[in-house]
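Here's a quick briefing to read with the model open beside you. Grab a viewer and follow along by chain and residue number.

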Amino acid sequence: MAQPAKSEAKQIVDNGIEKGAAGLTEDRIQAVINRVIKGESGARLKVYVDTCVHCGLCSEACHYYLSHDKDPRYSPVAKVKQTLWEMIRRKGRVSVDFMRRAAEIVHTECNLCKRCAMYCPFGIDIAYLMMVVRRIVHLLGMTPQYIQDTAHSHAAVSNQMWVKPDEWPDTLQWQEEEARGEIPTLRIPLEKEGADIMYSVIGPEPKFQAQLIYQAAVIMDVAGVNWTMPATAGWDNSDMAMFTGDNEVMGRIKREHYETAARLRVRRIVMGECGHAFRSVYDVGNRWLGWRIPPIPIIHAIEFYHELLTAGKIRVAKKFKTPVTIHDPCNVVRGGGLHRMARDLAHALCEEVVEMYPNCEHNYCCCAGGGVINCGPPWKNKRIEGNRVKADQLADAKIRGAKVLIAPCHNCHSGLEDINHAYELGLDIKFFGDIIYEVMEKPEA
Amino acid sequence: MADVSRWDWEIGTKAIPFDAWKADFAWVEEPYVSPDGERIAAVVNLDDAQFSVCVNGRAWEGVFDKAWYLRFSHDGRLSALVSEDGEWTVAVDGETWPERYGYVWNTLFSADGARVAVAAQQDMAYAMVLDGVMWENRFANMTHFAISPDGRHTAATVQVKETGEADIARFQAGCYSVAVDGDAWDSVFTNVWNLAFSPDGAHLAAEVRQGLYDYTIAVDGRPWERCFSSVWQPVFHPVSGAVIAPVRLEGQWTVAADGAPIWPRRFVQVWHQQVSPDGQRLAAIVSPRYGYWTLAVDGVPWRTTVNEMVMDLRFSPDGRRLAAAAKHDGRWTLLVDDRLWSQRFDQIRPPVFSPDGRLVAAVVETEGRFGLVVDDRRLPQSYEALWQPVFSPDGTRVLVRGIEKGTYRRQVLAVDQLLA
């Protein structure tokens with residue numbers, strides 16, 4: 001590790017953390033920590049804790065560490081040291097202030113991006129260790145306010161944006177109507193039992209970005225896909241409860257998603273361009289329920305679009321002219337290995353693809369993922385400051401000609417927009433769906 | 001339930017040319033078939049923003065801006081959700097309810113099919129509507145809709161307290177309850193999910209969360225004394241009236257009745273519990289070890305497991321036999337009485353027992369073609385589309401409803417000949 005720079009921590013008050021801290025006792029903290037460590041975390045935790053040799057090689061992997069001039073407090077191993085190791089060493093007997101700081105570290109100084117796991121000589125998954133602490137934070141009621149509110153939304157209405165049950169099919173019908181202005185026979189088939197594909201999205205799409213549903217419907221229609229969307233709960237594949245450590249709500253919404261697909265008798269689920277939801281549906285949420293693999297096959301939009309292009313179901317009328325660069329979302333690239341497919345797709349759609357470095361599985365996180373952006377306004381500036389290296393990386397790609405940034409993940413989009421704005425990068429950020437919609441052959445209206 | 005004995009059980013075939021409709025309309029959407037097989041229906045487009053419903057080749061008189069969620073009730077009445085001039089209502093057999101709403105969705109039928117309910121939004125307030133009559137009380141939000149088996153009552157999870165944006169303390173203190181026929185329980189909860197009426201419609205049970213961590217079942221507004229780390233949807237025992245639900249204890253699942261665990265064995269997962277029609281047996285879909293699934297009867301798991309999914313648990317009418325759809329290594333089959341069928345399929349529909357429980361049938365799909373399998377024997381005929389088979393009350397005949405080469409066929413076949 002390099003010599004640390006000096007920096008002063010700014011005091012940020014989060015109502016969620018403070019609400020939990022109020023009235024908390026060391027006895028209760030100790031009981032919860034020991035319950036999680038002894039009762040919920042098994043061999044995996046023990047192996048990780050016993051194996052780490054404190055070498056610090058994970059440090060250079062972390063965008064927070066790099067963005068804070070190699071301040072060792074932001075090193076992944078230091079985040080474990082400041083939280084879980086200390087809890088274990090003190091047999092759970094830690095103070096309220098300790099937990100306050102632990103909540104801040106695990107929720108706002110780590111995106112669970114797993115880049116550090118690749119730099120660890122033993123492959124220790126520090127993101128998992130952070131998740132264990134988030135579980136403790138949840139059970140102590142200290143989760144930051146805004147992401148806790150999102151978890152409440154999941155629990156109350158089965159989606160992350162408080163979309164009410166009528167607003168969902170109403171929005172789909174509105175987008176169907178809009179799209180019929182372009183393709184008069186277009187349908188967004190609702191509740192069509194036996195369709196080949198159930199298309200699932202995340203809460204922000206009907207709430208703020210309904211044009212993405214429009215675009216997806218056009219792509220599906222032109223490609224001749226036999227598809228459907230549910231009109232019921234279960235349409236949202238996202239999962240902030242996974243990131244708050246509320247495993248019970250996580251399991252509840254994952255069950256609803258898969259059982260909706262099973263009820264509709266679809267062959268598989270195609271999910272929109274979301275990263276964290278991919279992690280939840282294929283790894284974390286399904287496994288908490290006892291499904292070792294997804295019970296209904298599920299693929300990310302990158303794979304689906306790649307499939308449509310490869311099979312000739314959609315054709316490029318004219319390639320996208322503006323030079324693009326590709327941001328590799330952690331969950332679908334480090335987690336899902338889709339970086340090659342994303343590049344095939346970009347090259348098939350665009351005239352010029354400028355690589356950013358580091359890239360593929362070594363890419364820097366957007367700093368929004370892992371629920372960090374969902375911690376809301378109190379933490380926004382800290383989040384942006386914590387990813388200066390991303391701005392440098394993007395600026396380098398821009399210098400080499402990139403003008404459009406493709407980010408096939410919703411959280412990445414939002415986080416990169418903040419980086420783009422704060423560091424005045426002037427990139428235009430798009431989804432693959434935006435580009436496909438723009439360049440594909442479409443029937444004349 | 002519908003009186004199946006009054007259906008036409010004469011051996012023979014009735015045909016309706018379904019694809020021919022395409023010449024009469026701009027487009028024809030996916031078809032639905034009545035339980036007795038006598039009618040096939042689809043939403044059809046007449047022109048720009050002009051929709052109707054076509055039944056056996058004849059369109060309803062009404063033309064709507066939108067029409068969707070076409071569903072036959074158990075006694076064969078056909079409903080659709082329709083929109084005219086930006087307002088929504090329900091059309092039943094071509095007649096629209098006179099009332100109009102901001103939006104309607106989630107059609108529910110009573111067990112006999114005679115009563116129709118929907119969830120409705122009017123002026124951004126929510127209530128259930130039963131046969132065109134809306135609850136007097138409206139709520140700020142509404143989820144998890146239910147109708148009693150006799151169709152006399154409707155219920156839903158309702159938001160009874162306002163909560164500000166990101167007001168997590170108020171949310172956790174409880175803003176949700178259950179309204180039955182528009183009257184909310186006195187009790188409030190952090191969350192209420194998945195309601196279940198008793199068979200007589202007099203009681204209602206639901207999953208509730210009190211605060212962030214304490215899950216239990218509330219019956220008529222009163223939560224069980226004991227809480228768990230999670231619960232799934234309850235059911236009422238049809239004989240004793242006990243409320244039975246899967247509960248999570250120390251990281252594992254079991255089944256509880258009236259608040260007390262009744263299965264000594266713990267599982268990785270337990271859900272979709274069901275009491276046999278005679279009330280003698282309790283079965284559930286379970287995961288006895290991580291990644292493996294089967295059924296358990298009275299707490300004892302079957303030996304046969306599959307490695308992906310089990311769903312659609314069904315008892316035979318006499319309660320002696322059990323079957324469920326099961327997925328193993330990416331392919332579906334039927335799990336019947338602790339044995340898997342020998343054949344594997346791309347997809348399978350819920351199992352159907354004959355009235356005497358002797359036979360079990362299922363619609364299966366392979367490479368886009370549908371077929372009927374009875375007791376693990378696939379019948380030779382294949383179809384473009386196929387609906388659930390129905391056995392005659394005496395079990396000697398089976399009604400097969402399918403489309404082949406664009407023609408819908410209602411076939412009554414003799415079971416003995418099928419299996420000969």
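What follows goes from domains and the chain contact to a few helices and strands.

This is a predicted model, so a few ground rules apply: local features need pLDDT of at least 70, side-chain atom pairs count only at pLDDT 80 or more, and totals for chains, interfaces and linings use all residues. Residues are numbered from 1 along each chain as its sequence is written, and chains are lettered from A and ligands numbered from 1 in the order in which they are written. Helices (H or I, at least four residues) and strands (E, at least two) are DSSP runs, numbered from the N terminus.

**Domains of chain A**

- Chain A is assigned domain 1 (15-143), domain 2 (163-309) and domain 3 (316-439); the bounds come from an automatic or database domain assignment.
- Taken over C-alpha atoms, the centres of domain 1 and domain 3 of chain A are 28 Å apart.
- Between these two, 14 residues of domain 1 of chain A are in contact with 20 residues of domain 3 of chain A (contact: C-beta atoms, placed from the backbone, lie within 7 Å).
- On the domain 1 side, the elements giving two or more residues are α4 (63-67), α6 (96-108) and α7 (115-119) of chain A, and α4(A) gives the most, with 4 residues.
- That side of domain 1 of chain A divides into 6 nonpolar, 5 polar and 3 charged residues (Ala, Val, Leu, Ile, Met, Phe, Trp, Tyr, Cys and Pro count as nonpolar, Asp, Glu, Lys and Arg as charged, and the others, Gly among them, as polar).

**Domains of chain B**

- Chain B splits into domain 1 (234-344) and domain 2 (359-420), with C-alpha centres 27 Å apart.
- Here 6 residues of domain 1 of chain B are in contact with 5 residues of domain 2 of chain B, and the domain 1 side has 4 nonpolar, 2 polar and no charged residues.

**Where the chains meet**

- The contact takes 35 residues from chain A and 33 residues from chain B.
- On the chain B side, β7 (66-72), β11, β12 (116-122), α1 (168-173) and β32 (309-315) of chain B each give two or more residues.
- By type, the chain B side divides into 16 nonpolar, 11 polar and 6 charged residues.

- Helix α10 (residues 167-179) of chain A has 13 residues and reaches 18 Å from first C-alpha to last, close to the 18 Å expected at 1.5 Å a residue (the expected span is 1.5 Å times one less than the number of residues).
- Its buried residues are A:Trp168, A:Pro169, A:Leu172, A:Gln175 and A:Ala179 (buried: 20 or more other C-beta atoms within 10 Å of the residue's own, with C-beta atoms placed from the backbone; exposed: 12 or fewer; partly exposed: in between).
- These residues cover an arc of only 125° around the axis, which puts them on the same side of α10(A); the arc is that of the directions from the helix axis to the C-beta atoms.
- The buried residues of α10(A) pack against α11 (204-208) and α12 (210-223) of chain A, together with β11 (103-109) of chain B.
- Helix α22 (residues 432-439) of chain A has 6 of its 8 residues buried, so it is largely enclosed by the rest of the structure.
- The buried residues of α22(A) pack against α12, α16 (301-310), α18 (339-349), β6 (404-406) and β7 (428-430) of chain A.

**A parallel sheet in chain A**

- An open sheet of 4 strands runs β2-β1-β3-β4 (chain A) with parallel pairing (two strands pair if DSSP finds at least two bridges between them).
- Its edge strands are β2 (227-228) and β4 (298-300) of chain A, each pairing on one side only.
- Strands β1 (residues 197-200) and β3 (residues 268-271) of chain A share 4 bridges, with A:Tyr199 opposite A:Val270 in β3(A).

**Buried strands in chain B**

- In β16 (residues 154-159) of chain B, 6 of the 6 residues are buried, so the strand is largely enclosed by the rest of the structure.
- B:Thr154, B:Ala156 and B:Val158 point one way from β16(B), and B:Ala155, B:Thr157 and B:Gln159 the other way.
- β16(B) pairs antiparallel with β15 (residues 142-147) of chain B over 5 bridges, and with β17 (residues 176-180) of chain B, also antiparallel, over 5 bridges.
- The hairpin of β15(B) and β16(B) has 6 residues between the strands, and B:Gly151 in the turn has a positive phi of about 75°.
- In β17(B), 5 of the 5 residues are buried, so this strand too is largely enclosed by the rest of the structure.
- The hairpin of β17(B) and β18(B) has 2 residues between the strands, and B:Asp181 takes a positive phi near 55°.
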